[in-house]
Amino acid sequence: MTTVFFIADLHLGHNKEFIYKRRGFTCVEEHDEYIIDQWNKNIRKRDVVWCLGDMAFGRAAISSLERLRGIKHLVLGNH
């Protein structure tokens, strides 16, 4: 069975301290790895995920989206 998820504002690769420190992390890499790990623990290969903006900031972070399981539909945000 396929499950549909909705998520927004992951801010992968966003190295502004107010993003990752407010979320309890010491650096953006720690923040991103935690999000990717938690995502992959909960999303299966055939699940559908609607990503409603502000997923990644910068080319390196955008390429990290490939590490996330599921069939992703990206809706642009302001990042």
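## Salt bridges

At 59% relative accessibility, Lys41 counts as exposed. Its side chain meets that of Asp37 in a salt bridge, with an N to O distance of 3.4 Å. Asp37 is partly exposed, at 38% relative accessibility. Both Asp37 and Lys41 belong to helix α2, where they sit four residues apart, about one turn of the helix. The model described here is predicted, and the count of salt bridges in it comes to three.

A second pair consists of Glu33 and Arg67, whose side chains form a salt bridge at 2.8 Å, N to O. Glu33 lies in helix α2 and Arg67 in the loop between α3 (59-64) and β3 (71-75), so this pair ties together parts that are 34 residues apart in sequence. Glu33 is partly exposed, with a relative accessible area of 40%, and Arg67 is also partly exposed, at 44%. The remaining pair is Asp47 with Arg44, the closest N and O atoms being 3.0 Å apart. Here Asp47 is buried, with a relative accessible area of 2%, whereas Arg44 is partly exposed, at 43%. Side chains of opposite charge can pair when their charged atoms come close.

## Sheet

Three strands form an open sheet with parallel pairing, in the order β1-β2-β3. The edge strands, β1 (4-7) and β3, each pair on one side only. From one strand to the next the twist averages 15 degrees. Strands β2 and β3 run parallel and are joined by five bridges. Strands of a sheet pair through backbone hydrogen bonds, either parallel or antiparallel.

## Val49

Val49 is placed in strand β2 and stands opposite Lys72 in β3. With a relative accessible area of 1%, Val49 is buried, since the cut-off for that class is under 20%. Leaving aside residues up to four places away in sequence, Val49 touches Phe5, Ile7, Trp39, Ile43, Ile71, Lys72 and His73. Val49 and Gly70 are 21 residues apart in sequence, and their C-alpha atoms are 6.5 Å apart in space.

## Nonpolar core

The largest nonpolar core has 13 residues, and those with the most contacts inside it are Leu10, Leu12, Trp39, Met55 and Leu68. Helix α2 (28-42) and strand β2 (48-52) each supply at least two residues of this core. The helix α2 gives the most to it, with three residues. In soluble globular proteins, nonpolar side chains tend to be buried together.

What does Trp39 touch, not counting residues up to four places away in sequence? The contacts of Trp39 are Ile7, Leu10, Val49, Cys51, Met55, Leu68, Arg69 and Lys72. Among them, Leu10, Met55 and Leu68 are listed with Trp39 as residues with the most contacts inside the core. Lys72, which Trp39 touches, is also the residue that Val49 stands opposite in β3.

## Confidence

The mean pLDDT of the protein is 89, and 96% of its residues reach 70 or more. Confidence is highest in β1, at 97, and lowest in helix α1 (residues 17-20), at a mean of 70. The edge strand β1 is thus the element with the highest confidence in the protein.

Terms used. Residues are numbered from 1 along each chain as its sequence is written. This is a predicted model: local features need pLDDT of at least 70, side-chain atom pairs count only at pLDDT 80 or more; totals for chains, interfaces and linings use all residues. Side-chain values use heavy atoms; hydrogens and water are left out. A nonpolar core is a set of buried Ala, Val, Leu, Ile, Met, Phe, Trp, Tyr and Cys residues joined through side-chain atoms within 4.5 Å. Buried means under 20% relative accessible area, exposed over 50%, partly exposed in between (1.4 Å probe, protein chains only). Contact means heavy atoms within 4.5 Å. A salt bridge is a side-chain nitrogen of Lys or Arg within 4 Å of a carboxyl oxygen of Asp or Glu. Two strands pair if DSSP finds at least two bridges between them. Axes are lines fitted to C-alpha atoms, for helices over the stretch in contact, and angles run from 0 to 180 degrees between N-to-C directions. pLDDT is the predictor's confidence in each residue, from 0 to 100.
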